[in-house]
Amino acid sequence: MSGKSIFKKVYFSNIILGLFISLFSFSAWANEPAAAEATEHAPQQEEKFDAGKMILHHIADEHEWHFFTIGHFHATIPLPCIVYTKSAGLQVFSSSNFKNEHHEEVPYQGLKLEHGKIHAENGETVYDISITKNVASLLLSAVLLLSIFIGIGKTYKENPHRAPKGIQSLFEPIIIFVRDEIAKNNIGEKHYRRFMPYLLTVFFFIWFNNMLGLIPGGANVTGNIAVTAVMAIIAFFVTNLNGKATYWTHVFAMPGVPKWMLIIMTPVEIVGVFMKPFSLMVRLFANMTAGHIILLSLVSLIFIFENAALGIAVVPFSLFMNVIELIVAFIQAFIFTMLVSTYIGAAIEEHHH
């Protein structure tokens, strides 16, 4: 089967998957704010639907993994809280201790949960190393990546000359794409092999977490600035630690440039060294967060205007946006990997006389 036909099959299956996820996610997102507002506040004075609060709740990190709410039932998985305070020392407990039987936040052992952060009631500093929703999702994606690619690697080792089949046939065109269109083109034939493990890890890590974030109840991992910052820092060190003398010469003393111009150009080049990873961090964070906000904003329109008929217009557009998000999930992984490879290629480029 040709690479083009494989790509068409994968693309078509992504669209079908997008339609399925869209229908399910729309009902989940729509049900949650409606149920939460209608049931929890029914005996009290009616509160106006707060779209901003609902959106921030969905894209922010949490100490529990919340899927949906139906009436008074909250489908959540409590996660382990690991905190250290000077007075109490190290404490390990379940995040469910911060909620009572009505799913309201309550203090526990001198600690309280406010806006997703654990604080001490006496005001002392709390060092929080808990397994949050994003951390749990990162561990899940790591298990998926290791399980899939260790299996593919074993298959290649046992049958190096046999045609790929099963899951191997799905990922082989993508691996070849990263190798030929990204690594070879930007790093060159001579050096690309030693950077392939890193580039493949970056690509599939971003793609897998982007896709997991589109599943209803999924974590917004790549929309977390801390995660993208760590990825940008790793890219910074991989690029600059492999930089050749010619790379650093172009940064601090550009050949052929008059010495008086170096006073202006050198600081600009030094800033550029740090701006490259900074742009990687912001681009991935902003694009993935914006996609989630747009989808949630569309669903919120029904409850803002309190008109179910609006769903006739919102649902098709939400389906369209979900399919676009599936494509963006792949594109963002491609762009991040492509840019990192160009930075590496520029850093290790051989000097041409």
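Colleague: Is Trp248 buried, partly exposed or exposed?

Modeller: Buried means under 20% relative accessible area, exposed means over 50%, and partly exposed lies in between (1.4 Å probe, protein chains only). Trp248 has 30% relative accessibility, so Trp248 counts as partly exposed. Tyr247, at 10%, counts as buried. Please note that this is a predicted model, in which local features need pLDDT of at least 70 and side-chain atom pairs count only at pLDDT 80 or more, while totals for chains, interfaces and linings use all residues. Residues are numbered from 1 along each chain as its sequence is written, and side-chain values use heavy atoms, with hydrogens and water left out.

Colleague: How many aromatic pairs are there?

Modeller: Rings of Phe, Tyr and Trp (its six-membered ring) pair if their centres lie within 6.5 Å; planes under 30 degrees apart count as stacked, over 60 as edge-to-face and the rest as tilted. The count by this rule is 21 aromatic pairs. For Trp207 and Phe208, the ring centres are 6.2 Å apart and the planes stand at 70°, so this pair is edge-to-face. The rings of Tyr247 and Trp248, with centres 4.9 Å apart and planes at 70°, are also edge-to-face. Ring pairs also link a cluster whose members include Phe149, Trp207, Phe208 and Phe334.

Colleague: In what order do the strands of the open sheet lie?

Modeller: Strands of a sheet pair through backbone hydrogen bonds, either parallel or antiparallel. Strands are DSSP runs (E, at least two residues), numbered from the N terminus, and two of them pair if DSSP finds at least two bridges between them. Here 3 strands form an open sheet in the order 4-3-7, with antiparallel pairing. The edge strands, strand 4 (89-94) and strand 7 (127-128), each pair on one side only.

Conventions. Helix = DSSP H or I, 4+ residues; strand = E, 2+ residues; numbered from the N terminus.
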